[in-house]
Amino acid sequence: MMRDKIISYVKEKYATDPEYLWLKTPDTFVLRNTKNKKWYAAVLQVKKSVLIPDSEGFVDIINLKCQPLTRECLLAEEKAFPAYHMNKKLWISIILDRNVPFDIIRNIIDESYNIVNR
């Protein structure tokens with residue numbers, strides 16, 4: 001499961017544990033930089049239609065901060081969407097359905113971590 005891969009990766013690389021902040025959405029978690037407490041990722045389940053109009057069902061997504069060039073490339077390649085429930089100029093959403101390889105997600109997690117680590 002992609003959520004488990006993400007949790008394992010950030011725990012090993014950044015010593016980050018997921019934070020489950022909301023009782024109404026117990027599967028939603030955020031990942032924070034341990035030094036400055038800024039979020040660098042959020043994993044949640046949303047209605048697919050919030051990203052892809054006229055779609056049905058729910059999907060797991062990860063919201064990540066990224067550089068403008070990364071954002072534009074991912075949006076152009078249709079690997080990401082303007083972020084759900086975050087600043088759409090600074091964040092993207094990626095559906096965790098295996099259409100985007102974990103290597104790409106891992107690289108953007110690293111980019112997001114480095115952005116908030118400044």
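Let's start at Leu74, which has a relative accessibility of 6% and so counts as buried (buried means under 20% relative accessible area, exposed over 50% and partly exposed in between, using a 1.4 Å probe and protein chains only). This is a predicted model, so local features need pLDDT of at least 70 and side-chain atom pairs count only at pLDDT 80 or more, while totals for chains, interfaces and linings use all residues. Residues are numbered from 1 along each chain as its sequence is written, and side-chain values use heavy atoms, with hydrogens and water left out.

Leu74 sits in helix H2, residues 68–76. Helices (H or I, at least four residues) and strands (E, at least two) are DSSP runs, numbered from the N terminus. Leaving aside residues up to four places away in sequence, Leu74 touches Lys79, Ala80, Ile92, Ile104 and Ile108; contact here means heavy atoms within 4.5 Å. Phe29, by contrast, is 45 residues from Leu74 in sequence and 23 Å from it in space, C-alpha to C-alpha.

Five of the five residues in S5 (residues 91–95) are buried, so the strand is largely enclosed by the rest of the structure. Look at either face and you'll find cover: Trp91, Ser93 and Ile95 are buried on one side, Ile92 and Ile94 on the other. As for its partners, S5 pairs with strand S3 (residues 58–65) in the antiparallel sense over five bridges, where pairing takes at least two DSSP bridges between two strands. Ile61 has Ile95 of S5 as its bridge partner.

The 15 residues of H3 (residues 102–116) should span 21 Å, and the end C-alpha atoms are 21 Å apart, which agrees; the expected span is 1.5 Å times one less than the number of residues.

Finally, the cysteines. The whole structure has zero disulfides, a disulfide being a pair of cysteine sulfur atoms within 2.5 Å. Cys66 is buried at 5% relative accessibility, whereas Cys73 is partly exposed at 38%.
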